[in-house]
Amino acid sequence: MNVTTCAALLGASLLGSTLGAQAPVDRPAGQAQDAPASLEKAAEDPVPGPKLGSPDIYQVGDDVHAPTLLKEVKVAYTPEAKAAGIKGTVRMDCVVLPDGTVGDVKVTQPLDPGLDREAVAALRKWTFKPGTLSGRPVPVQVMVEMSFTLK
């Protein structure tokens, strides 16, 4: 089993990027992907800071500098996903808050309900040197991909 993570911000790499093409999702024959409704519980949890889509969130460019990853928490396979042989990528948008913690998270490319939940939980434990606007920490939107592969 191998789990790799990759964080990228609007094409500017934080850890390296695999942006561009949609990552393929490999599933055993006949296994359908559940809708992201399985993430409803995660969406119900109160999250600090502005929500994705808010005008209070900055995008990298001009005087806005990208956050820098300081601490990455590795995500683990769920036993069910490992047994089912599910592999692929979970893509998420998140807000890195001015204190360097992760605020709102939205799964934009789901893989498996259990792996999606694990990816969101791991991402919420990451810490960053915050993004800045003219040297002042501000909330910045970041795109993160977590790839799940089996060996």
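So, the open sheet: 3 strands in the order 3-8-9, with antiparallel pairing. Strands here are DSSP runs of E, at least two residues, and helices are runs of H or I, at least four residues, numbered from the N terminus. Two strands pair if DSSP finds at least two bridges between them. At the edges sit strand 3 (64–65) and strand 9 (136–137), each pairing on one side only. Strand 3 pairs with strand 8 (residues 132–133) over 2 bridges, antiparallel, and Val64 has Leu133 in strand 8 as its bridge partner.

Quick caveat: this is a predicted model, where local features need pLDDT of at least 70 and side-chain atom pairs count only at pLDDT 80 or more, while totals for chains, interfaces and linings use all residues. Numbering runs from 1 along each chain as its sequence is written, and side-chain values use heavy atoms, with hydrogens and water left out.

Okay, on to the core. A nonpolar core is a set of buried Ala, Val, Leu, Ile, Met, Phe, Trp, Tyr and Cys residues joined through side-chain atoms within 4.5 Å; buried means under 20% relative accessible area with a 1.4 Å probe, protein chains only. The largest one has 24 residues, and Leu123 and Trp126 are among those with the most contacts inside it. Strand 5 (88–96), strand 6, helix 3 (113–123) and strand 10 (140–149) each give two or more residues, with helix 3 giving the most, 5 residues. Beyond its neighbours within four places in sequence, Leu123 has contacts (heavy atoms within 4.5 Å) that include Met92, Val105 and Met146.

Last one: Gln109, in strand 6 (residues 102–109). Gln109 counts as buried because its relative accessibility is 8%.

How values were computed. Buried < 20%, exposed > 50% of the residue type's maximum accessible area, 1.4 Å probe, protein only.
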